[in-house]
Amino acid sequence: MEPIVVPKGLDGVIVDDSAICTADSDNGTLIYRGYSAVELAEKASFEQTAYLIVYGKLPGRNELAEFSQFLKKNEEPDSNTKKIMALINKDTAVIDLMRSVVSLVPTNETKQDRVLLEIAAKMPHIAADGYRLINGAAPLPSISGTYAERFYYQLTGKNDAEAAKYLEKLLILYMEHEMNASTFALRVTASTLADPRAALTTALATIKGPLHGGANDQILNYIVKMDTKDEAVKFVDDRLARKEKIMGFGHRIYKKVDPRAQFMKKELDALSRLKHTEKLYDIAAAIEETVWDRKKLPANLDFYAALIMHLLGIDHVFYTPIFASSRSFGWAAHYLEQVGNNKLIRPDSRYIGPTGLKLR
Ligand code: COA
């Protein structure tokens, strides 16, 4: 068979069919299983959306109740896993801790969908308990409430339904994004018929990078230091003059607008009024406007997500883990889709090294 040479980074290449999600760059739309992701963020719960993503249809009342209970019942890691977490080095990044713990956390389930969901259900506690344990503190107790309320409590120690609602919308928009880098990596691992835990570990390793999920942890670094819109404009110009990337901008798919970012921008507007921190919103909008003016790069979800999480009082160490926890439901759907119609993913490379070298 004649080899096909594809663009570097597989830019613009379709590698498989998928019925889970599609992002349209021209119209700036994101569809989860046929529904607008933004509409789901506005009107659906995290649990409903997670069920939709994994099983391909919105849950009925009983299905939703059973699914929500399953997530709640399986949220805590077992005592041995907690003991292991307590031994992990204090300086370990939470996303690294998650990657290591997910690779060995025991599961009670045997069916692949249940194993994936059981691990996904534990992600918030693995992140929060793990962070506390490596810092010598006791994990917070589990509370009742929705997935988002429980997650928010684990992150902040606050039982606050209003704040959790902002988090829930963000979690829904973080849940799935078709063939992004971590999902593709997961599908490569799944295509070898490695088990769900192995595939989730691959995905967690891949999401960490600053060009992917790690971007949201780098945005506060620059933005909280600014006081005026003029500083924001100068920051952008200086960065671009030095040919440095500005985290939270640009996207492989969205070249004009990231619909998730625009939705979260409105959320930030509302939240900053509530918290009387309108200046933060104004500076963010000025950065967005300047980056677009100078480079025609849109703000991506991570830009506004980081600011929302900051105003919700969430420590930046949890930003990438929050993204990963939600995305684990998208990863679960992709694992099942891959193994349900599998072919080993094994591309080829064009050799450009030497040949014919001889040993002395
Ligand atoms: N800041 C400044 N310039 C950027 C940029 C950014 N955030 N993102 C892209 N560019 C520039 C590149 O330098 C390049 O410029 P050039 O053509 O003059 O060399 C051009 O835009 C194309 O960028 P490229 O990195 O090749 O596009 P890509 O599709 O491969 O990359 C990202 C997409 C997401 C990796 C890239 O936009 C990026 O690194 N963004 C910052 C990290 C981030 O926010 N990641 C989260 C994504 S949701």
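These legends walk through several close-up views of a predicted model. Residue numbers start from 1 along each chain as its sequence is written, and side-chain values use heavy atoms, with hydrogens and water left out. As the model is predicted, local features need pLDDT of at least 70 and side-chain atom pairs count only at pLDDT 80 or more, while totals for chains, interfaces and linings use all residues.

**View 1. A three-stranded open sheet, in the order E1-E2-E3.** The pairing here is antiparallel. Strands (E, at least two residues) and helices (H or I, at least four) are DSSP runs, numbered from the N terminus, and two strands pair if DSSP finds at least two bridges between them. Strand E1 (21-24) and strand E3 (35-36) sit at the edges with a single partner strand each, so one side of each has no neighbour in the sheet. In general, strands of a sheet pair through backbone hydrogen bonds, either parallel or antiparallel.

**View 2. The hairpin of E1 and E2.** Strand E2 covers residues 29-32, and four bridges join E1 to E2. Look for threonine 22, whose bridge partner in E2 is isoleucine 31, and for aspartate 24, which stands opposite threonine 29. Four residues lie between the two strands, and glycine 28 in the turn has a positive phi of about 60°.

**View 3. On to the hairpin of E2 and E3.** Two bridges hold this antiparallel pair, and isoleucine 31 has serine 36 as its bridge partner in E3. Two residues lie between the strands, and arginine 33 takes a positive phi near 50° in this hairpin.

**View 4. Helices H5 and H6 packed together.** H5 takes in residues 94-102 and H6 residues 112-134; their axes are 9 Å apart, at an angle of about 125°. Axes are lines fitted to C-alpha atoms, for helices over the stretch in contact, and angles run from 0 to 180 degrees between N-to-C directions. H5 and H6 are therefore oblique to each other (under 35 degrees would be roughly parallel, over 145 roughly antiparallel, 65 to 115 roughly perpendicular, and the rest is oblique). Residues making the contact (heavy atoms within 4.5 Å) include Val94, Leu97 and Met98 of H5 and Ile119, Met123 and Ile126 of H6.

**View 5. Helix H9, mostly covered.** H9 spans residues 181-191, and eight of its 11 residues are buried. Among them are Ser182, Leu186 and Arg187. The buried residues of H9 pack against helix H10 (196-207) and helix H16 (319-340). Just after H9, leucine 193 takes a positive phi of about 70°.

**View 6. Leucine 10 and lysine 243, each with a positive phi.** Most residues other than glycine have a negative phi. Phi is near 55° for leucine 10, which lies in the segment before E1 and is partly exposed, with a relative accessible area of 33%. For lysine 243, phi is near 60°. Lysine 243 is found in the loop between helix H12 (229-241) and helix H13 (259-274), and at 77% relative accessibility it counts as exposed.

Conventions:
Buried means under 20% relative accessible area, exposed over 50%, partly exposed in between (1.4 Å probe, protein chains only).
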